[in-house]
Amino acid sequence: MKLPSFIQDHIPELYMDFEGQQLAEQLYQWIIISFSIVGFMWGYYCQQFSQTLYVLAAGVILACLLVLPPWPMYRRHPVAWAASPRDSDARNAGRRQRGKR
């Protein structure tokens with residue numbers, strides 16, 4: 001189902017290219033690891049395991065806010081898709097039929 005053009009013009013592009021996916025995953029891993037380490041040290045200092053979990057939860061929330069939406073920094077390298085094999089087969093079949101006449 002295709003949206004009307006006046007609606008489609010106001011919707012931002014919602015994709016992430018392959019290099020953007022790699023950047024998002026690396027960013028997510030670094031945030032989670034660093035918040036885990038800091039949370040462990042803070043929880044050890046306070047002698048409260050709950051403090052460790054709070055810091056880790058804050059890291060997960062921050063990582064989700066930075067990684068899940070398709071921010072423009074994840075769309076810097078657009079993919080040039082090849083033509084579908086069905087499209088090229090249909091074109092070639094049409095050429096063959098024209099040539100047989």
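**View 1. The overall layout of the protein follows the pattern α-α-α-α along the sequence.** This is a predicted model, in which local features need pLDDT of at least 70 and side-chain atom pairs count only at pLDDT 80 or more, while totals for chains, interfaces and linings use all residues. Residues are numbered from 1 along each chain as its sequence is written, and side-chain values use heavy atoms, with hydrogens and water left out. You will find four helices and zero strands here (both are DSSP runs numbered from the N terminus: helices are H or I with at least four residues, strands are E with at least two). Of the 101 residues in the protein, 14% are buried (buried means under 20% relative accessible area, exposed over 50%, and partly exposed in between, with a 1.4 Å probe and protein chains only).

View 2. The average pLDDT, the predictor's confidence in each residue from 0 to 100, is 84 for the protein, and 82% of the residues score at least 70. Where pLDDT is low, the predicted coordinates should not be read in detail.

**View 3. A nonpolar patch lies on the surface.** Its members are I33, I37, V38, F40, M41 and Y44, and together they have about 670 Å² of accessible area (areas come from the Shrake-Rupley method with a 1.4 Å probe, and for residues only the protein chains shown count as cover). Patch residues have over 30% relative accessible area and no salt bridge; like charges are joined within 9 Å, and nonpolar side chains (Val, Leu, Ile, Met, Phe, Trp, Tyr) within 5 Å. A salt bridge is a side-chain nitrogen of Lys or Arg within 4 Å of a carboxyl oxygen of Asp or Glu. I33 sits in helix α2 and is partly exposed, because its relative accessible area is 47%.

**View 4. F40 and Y44 form a stacked aromatic pair.** The structure holds two aromatic pairs (rings of Phe, Tyr and Trp, the last by its six-membered ring, pair if their centres lie within 6.5 Å; planes under 30 degrees apart count as stacked, over 60 as edge-to-face and the rest as tilted). In the pair shown here, F40 and Y44 are 6.3 Å apart centre to centre, with 25° between the planes. Both residues lie in helix α2, four residues apart, or about one turn of the helix. F40 counts as exposed because its relative accessibility is 56%, and Y44 does so at 58%.

**View 5. T52 is a buried residue of helix α3.** Its relative accessible area is 12%, so T52 counts as buried. Leaving aside residues up to four places away in sequence, T52 touches G39, F40 and G43 (contact means heavy atoms within 4.5 Å).

**View 6. F18 belongs to helix α2 (residues 18-46).** F18 is exposed, because its relative accessible area is 52%. Beyond residues up to four places away in sequence, F18 touches V79 and W81. F18 and Y74 are 56 residues apart along the chain, yet 8.5 Å separates their C-alpha atoms.

**View 7. Q47 has a positive phi of about 60° although it is not a glycine.** Most residues other than glycine have a negative phi. Look for Q47 in the loop between α2 and α3 (49-67), where Q47 is exposed at a relative accessible area of 59%.
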